[in-house]
Amino acid sequence: MATKIPEAPRVGMVSLGCPKNLVDSERILTKLRSDGYAMSPDYAGADVVLVNTCGFLDSAKEESLEAIGEAIAENGRVIVTGCMGKEAEVIRARFPNVLAVTGAHQYEEVVGAVHDAAPMPPSPFVNLVPDAGLKLTPRHYSYLKISEGCNHRCAFCIIPALRGDLVSRRPDAILREAEKLVEAGTKELLVISQDTSAYGVDIRKEPRPWKGGEVIPHMTDLARELGKIAPWVRLHYVYPYPHVDQVIPLMAEGLILPYLDIPFQHASPSVLRSMKRPANEAKVLERLKKWREIAPDLTIRSTFVVGFPGETEADFQYLLDWLDEAQLDRVGAFRFEPVEGAPANDLPGAVPEEVKEERYARIMEKTAAISAAKLQAKIGRTLEVIIDEVGEEGGATGRSQADAPEIDGEVFLRDAGHLSQGDIVQVEIEDADEHDLYGVPLA
């Protein structure tokens, strides 16, 4: 008689917030899949729905609450996890029927809640999972989280309260995960954490065996080894500590991408002090100049907050002038928004909303003009591009080494129907606008 395999419970997932949350979602799904659970792409087919929340800003919290409400309305059996899990009482007050609430990166608690809500029927035939785990990103790029938490105490941020102090992963474990991802088809590794530059400060005296030698838990050593594994390695959330200088030669060698995502947040010394961030903007400009001398194609992406309490018109003009000199390639800006529990909420000098809007418009106009000029200078050049999507009419969309997925620009290609997702090709740039490039792949 044939063995009848029991049907596995199906789990749905709604993942909100930053790439670090996305990695958490992937880990949760990977563990559940290894336990035999099936995945559901919609509410209707799920036996239980996980909502991985973001709790950084009030607007993000409201989005998380709306997502929880939608999941309850569409399915009814909901488990909440993620950063907003710290506010379980708020969630339960609004949605008393949620099955469980857990905090950020509490993987065992989440998986245990799923086991309680939708028990797995015993069977040796359904415990199947890909070696690289389950992914929520396309096959050709993957986020690689190297640490949890943060040791900084920025006035506007509650991440340490949500995720705790810095806890670095073992370097050999990171490198093994990178190898598995590349073996499964990953071409681009996006290295993420709350503070990538601080990687290893908590385990600096714990080198690990690797490939017949040792690997030291330090950003530079880790980046060097990752560059030997994946075609593209991109560094995100890098604070400009002095030792970042050591990473730039790796970019010049082509070992990792000439790209740094540095959250400067502001340039005015007085605002930086109020934010409790390093106020060394002049030295940063000197270092940017030296970095570009070593790696001329270096792309710097950053984010800035406008309308921080106490920010004067002079402070804001200082930031605009600093941007003129810094000539950053990619810039995102945010209007200051109070976050419950953040020290910045108690600072004097609240900036009126209409002033925030006006300053936001000015900084976006400034940075768009800088971006347009930089992209115009790339017309006629040949750039390496990774293909994200191939259309049905011969076009394709990709990204240059200067473009991280979702947050930066794209390269739109003609005569590219022969390409496939994940291909890395040489492209002649024919045109540009404020944020994107246009070109044709070379034979």
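Analyst: On a 1 Å grid over the protein atoms alone, a cavity is a set of points where a 1.4 Å probe fits but cannot get out, and lining residues have an atom within 4 Å of a point. Grid points are joined across faces, edges and corners, and a volume is the space filled by probe spheres set on the points. Here the largest cavity holds about 50 Å³ of space, and two cavities of 30 Å³ or more turn up in a search of the whole structure. This is a predicted model, where local features need pLDDT of at least 70, side-chain atom pairs count only at pLDDT 80 or more, and totals for chains, interfaces and linings use all residues. Residues are numbered from 1 along each chain as its sequence is written, and side-chain values use heavy atoms, with hydrogens and water left out.

User: Which residues line the largest cavity?

Analyst: Its lining is made up of Asp329, Arg330, Ser371, Lys374, Leu375, Lys378 and Ala402. Helix α12 (residues 353–376) gives the largest share, three residues; helices (H or I, at least four residues) and strands (E, at least two) are DSSP runs, numbered from the N terminus.

User: How many aromatic pairs does a search of the whole structure find, and how is a pair described?

Analyst: A pair of aromatic rings is described by the distance of the centres and the angle of the planes. Rings of Phe, Tyr and Trp (its six-membered ring) pair if their centres lie within 6.5 Å; planes under 30 degrees apart count as stacked, over 60 as edge-to-face and the rest as tilted. The search finds eight aromatic pairs. In one of them, Phe264 and Trp322, the centres are 5.3 Å apart and the planes stand at 70°, so this pair is edge-to-face. Phe264 lies in the loop between β13 (259–261) and α9 (269–275) and Trp322 in helix α11 (residues 313–326), so the pair links parts of the chain 58 residues apart.

User: Are Phe264 and Trp322 buried or exposed?

Analyst: Buried means under 20% relative accessible area, exposed over 50%, partly exposed in between (1.4 Å probe, protein chains only). Phe264 is buried because its relative accessible area is 8%, and Trp322, at 4%, counts as buried too. Now take Phe412 and Tyr438: their ring centres are 5.5 Å apart with planes at 25°, so the pair is stacked. Phe412 belongs to strand β18 (residues 411–413) and Tyr438 to strand β20 (residues 437–441), 26 residues apart. Phe412 is partly exposed at 28%, and Tyr438 is partly exposed at 31%. There is also an aromatic cluster formed by Phe156, Phe308 and Phe336.

User: Which charged end sits over the ring of Trp210?

Analyst: A charge sits over a ring if NZ of Lys or CZ of Arg is within 6 Å of the ring centre and within 35 degrees of the ring normal. For Trp210 the charge is that of Lys211, 5.0 Å from the ring centre. Arg399 has its charged end over the ring of Tyr141, 5.3 Å from the centre.

User: What does His243 touch?

Analyst: Contact means heavy atoms within 4.5 Å. Not counting residues up to four places away in sequence, His243 touches Ser197, His218, Met219 and Thr220. His243 sits in the loop between β12 (232–235) and α8 (248–252), and is buried, with a relative accessible area of 19%.

How values were computed:
1 Å grid on protein atoms, 1.4 Å probe; cavity = no way out; pocket = protein on both sides within 12 Å on 5 of 7 lines; lining within 4 Å.
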